[in-house]
Amino acid sequence: QLGPSQTRRLLYVAEEDTGPAGRGRRLTVDFAAWLGHPRFPPERFFREGLIVLDANVLLDLYRITPDARSQVLEAFGGIADRLWVPHQAAVEFSRNRKQVVIDRTSAFKQTRQVLRAAAANAVSALESAVDKLLYQRERNGTTRAWDVAGAGLDRESLLARLEGVMNPALAELEALAAEHDLHPEDMQDADPLLLQIDDLLSGRIGAPYPAAELRALVEEAHSFRFPNEIPPCFRDLGSKETPLCSAGDFLLWRQLIDRSAQMEGEYRLVLLITKEIKGDWWVLDAKKRPRGPRPELVQELRDATGADLLLLSLKEFMAGAKDHLSFAVSDQTLHELREASDDPEALLPAAFRGPSSEPDLLSLSPHEFERLIRYLLIRLGYDIDTDALPLVADFILLDRREGKTRTVIAELKRLRGAVGRDVVFQLQGALDATGAQSALLITTGSFTAAAREAAQNEPIVLIDGVGLVQLLARVGIRATIRFDADEEPPGT
């Protein structure tokens, strides 16, 4: 039996659903975005839709080689009358354009340093192995003579044997660097690529919001959308320098909605090209691969403007431009665009991009810390296994560095204190559950003696704060971990 308040609610719902505003509402129509069946095939978006460029798509033009860039610009030029760039994307492109080239140049420089130091690092590892042999000889109490230098295992002999071993790798690196035609010195004033982009987008960039409206939208993002995880952009909370920067994707989204409302015709189709492969833009499958825009975004755009949305990466767009618009797009360009979308430099938090930056790891947001470790692991030679579901650890890695593939799981602990043995025990269980061959346990803090003892006879590598800073230094990243005067630093 229903109480008075419940009866009033049912009457209200019944009246609403039979009134003018509610008449004819259907789950299969008014909530169709959640059914996963787009109303229009992709080719309609390519041939008729408004093509919206995100900032990261324009920035990728500075990351790829001239041949690939030429094909992308030719495709954009062929549909120039339907191109549009939100004002927020234009701001972010203008702000980051020079830094992209600096980062690319810096990445080559860091890789060059790593290759040049590889032989010396290898010798140090070999010397460490020889030291263990010498220790074992002492424990055995052997009286047989054995000379490290006589065996050719002293440092000078090892260095001589490894001299020039990395020359082919260095030559290949220089060949890769020579494929790029834009350098930091070219970015002063107006670089030639900027002039091309400027001509392409002339008259096709959205207007900014007035100050009062901009402030209201930023407040809406932080007070309502972020706390309720309404896409897009809610995962940027705390990962950007200011509230305005954190709300950047939301501002772009609102500008896209405003522009869609101005479109004419019975059918409004919007194709947004973006590099953002995050769960607050895309529906990700069990293997963390994008499977289409979030239904909330599709429905919000449809409810607000009647427009339909297709979300694509630049590589997917160029593949579609080849199939549906008959543009000349080579397989090499598609491969290069896929590589650019996976560019590890894009993972590096902004705090690490200054020439003399040495950020405190504990000052990073959880999102920034995870991106930094992902960057580190890729630079150390691991592949992130996107075909695995990392339910038991932060990362599932593939280690192909020794000619065979090994699965490695990685767990992160961003904290000031010590990691105990219970975390090691959990990682042991994760090894059994996944069948992985080894594990990395990485922390900004330290490990208790019990934790180190628990990991001693297991294929688990413990990396404390000191070790983490050293690993970052190996790939050219300077970082620190600052503790208060009364705190004990990691590794002590």
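User: How many helices and strands does the protein have?
Analyst: There are 19 helices and 13 strands. Keep in mind that this is a predicted model.

User: And what share of the 492 residues is buried?
Analyst: Buried residues make up 43% of them. As for contacts with a separation of 6 or more, 69% are between residues 24 or more positions apart.

User: How many bridges join S3 to S6?
Analyst: Strand S3, residues 268-273, is joined to S6 by 6 bridges, and the two run parallel. For instance, Leu 269 has Asp 308 in S6 as its bridge partner.

User: Is Asp 308 buried or exposed?
Analyst: Asp 308 is buried, at a relative accessible area of 3%. Arg 39 counts as partly exposed, because its relative accessibility is 47%.

User: What other residue is linked with Arg 39 and Asp 308 in a network of salt bridges?
Analyst: Arg 302 is linked with them in that network. Arg 302 sits in helix H13, and with 13% relative accessibility it counts as buried. Setting aside neighbours within four places in sequence, Arg 302 is in contact with Ala 32, Ala 33, Arg 39, Ala 307 and Asp 308.

User: How many salt bridges does the structure hold?
Analyst: It holds 18 salt bridges. One of them pairs Arg 97 with Asp 191, with the closest N and O atoms 2.3 Å apart. That pair links distant parts of the chain: Arg 97 is in helix H6 (residues 87-140), Asp 191 is in the loop between helix H8 (167-178) and helix H9 (192-201), and they are 94 residues apart.

User: Are Arg 97 and Asp 191 buried or exposed?
Analyst: Arg 97 is buried, and Asp 191 is too. Another salt bridge joins Asp 60 and Arg 63, whose closest N and O atoms are 2.6 Å apart. Asp 60 counts as buried there, at 4% relative accessibility.

User: New topic: H19. Which residues of H19 are buried?
Analyst: In helix H19 (residues 465-474), they are Gly 465, Gly 467, Leu 468, Leu 471 and Leu 472.

User: Why are they on the same side of H19?
Analyst: Because they cover an arc of only 160° around the axis. On the other side of H19, Gln 470 and Arg 474 are exposed.

User: What do the buried residues of H19 pack against?
Analyst: Helix H16 (366-379), strand S11 (438-443) and strand S13 (460-463).

User: And the two ends of that helix?
Analyst: At the start of H19, a side-chain oxygen of Asp 464 reaches to within 3.2 Å of the backbone nitrogen of Val 466. After H19 comes Gly 476, with a positive phi near 85°.

User: Last one. Where is Ala 321?
Analyst: Ala 321 is in helix H14, residues 314-325. At 0% relative accessibility, Ala 321 counts as buried.

User: Which residues is Ala 321 in contact with, leaving aside neighbours within four places in sequence?
Analyst: Those contacts are Phe 46, Ser 326 and Phe 327. Phe 46 is 275 residues from Ala 321 along the chain, yet their C-alpha atoms are separated by 7.1 Å.

Definitions and conventions. Residues are numbered from 1 along each chain as its sequence is written. This is a predicted model: local features need pLDDT of at least 70, side-chain atom pairs count only at pLDDT 80 or more; totals for chains, interfaces and linings use all residues. Side-chain values use heavy atoms; hydrogens and water are left out. Two strands pair if DSSP finds at least two bridges between them. Helices (H or I, at least four residues) and strands (E, at least two) are DSSP runs, numbered from the N terminus. Buried means under 20% relative accessible area, exposed over 50%, partly exposed in between (1.4 Å probe, protein chains only). The arc is that of the directions from the helix axis to the C-beta atoms. Contact means heavy atoms within 4.5 Å. A polar contact is a pair of N or O atoms within 3.5 Å; within protein, one must be able to donate a hydrogen and the other to accept it, and residues adjacent in sequence count only if both atoms are side-chain atoms. A salt bridge is a side-chain nitrogen of Lys or Arg within 4 Å of a carboxyl oxygen of Asp or Glu.
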